[in-house]
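Hi,

Here is the structure I promised to pass on.

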Amino acid sequence: MQTLGAVIVAMLLMTIPAFIVLPPLAWAFVRCTPLRVAAEAERERERRRPLG
């Protein structure tokens, strides 16, 4: 039973880095959305622009 408790505690401790890293990554993803939209619009304009 102690082994099971130790495994559960270890699993919980392994999730701590995820709680530290995921919020900044999510913030960066949301913050960069306008840049991604602008880049996609620019690619569409370049694609539709007639050559010559």
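Glutamate 42 pairs with arginine 45 in a salt bridge, with 2.7 Å between the closest N and O atoms; the term here stands for a side-chain nitrogen of Lys or Arg within 4 Å of a carboxyl oxygen of Asp or Glu. Both residues belong to helix α2, 3 residues apart, or about one turn of the helix. Helices (H or I, at least four residues) and strands (E, at least two) are DSSP runs, numbered from the N terminus. Glutamate 42 is partly exposed at 36% relative accessible area, while arginine 45 is exposed at 51%. The cut-offs are under 20% for buried, over 50% for exposed and partly exposed in between, with a 1.4 Å probe and protein chains only.

Before you read on: this is a predicted model, where local features need pLDDT of at least 70, side-chain atom pairs count only at pLDDT 80 or more, and totals for chains, interfaces and linings use all residues. Residues are numbered from 1 along each chain as its sequence is written, and side-chain values use heavy atoms, leaving out hydrogens and water.

Back to the charges. The whole structure has 5 salt bridges. Another one joins arginine 43 to glutamate 40, at 2.8 Å between the closest N and O atoms, and this pair also lies in helix α2 (residues 33-48), 3 residues apart. Arginine 47 bridges to glutamate 44 at 2.9 Å, and these two are about one helical turn apart because they are 3 residues apart in helix α2. Arginine 47 is exposed, at 58% relative accessible area, whereas glutamate 44 is partly exposed at 26%. Glu44, Arg47 and Arg48 are linked in a salt-bridge network.

What about the overall shape? The chain comes to 2 helices and 0 strands, and its C-alpha trace spans about 75 × 20 × 10 Å along the principal axes. Buried residues account for 0% of the 52 residues.

On the nonpolar side, Val9, Leu13, Ile16, Ile20, Val21, Leu22 and Leu25 make up a surface patch with about 670 Å² of accessible area together. Patches take residues with over 30% relative accessible area and no salt bridge, joining like charges within 9 Å and nonpolar side chains (Val, Leu, Ile, Met, Phe, Trp, Tyr) within 5 Å. Areas are Shrake-Rupley values with a 1.4 Å probe, and for residues only the protein chains shown count as cover. Valine 9 sits in helix α1 (residues 2-31) and is partly exposed at 46% relative accessibility.

Cheers
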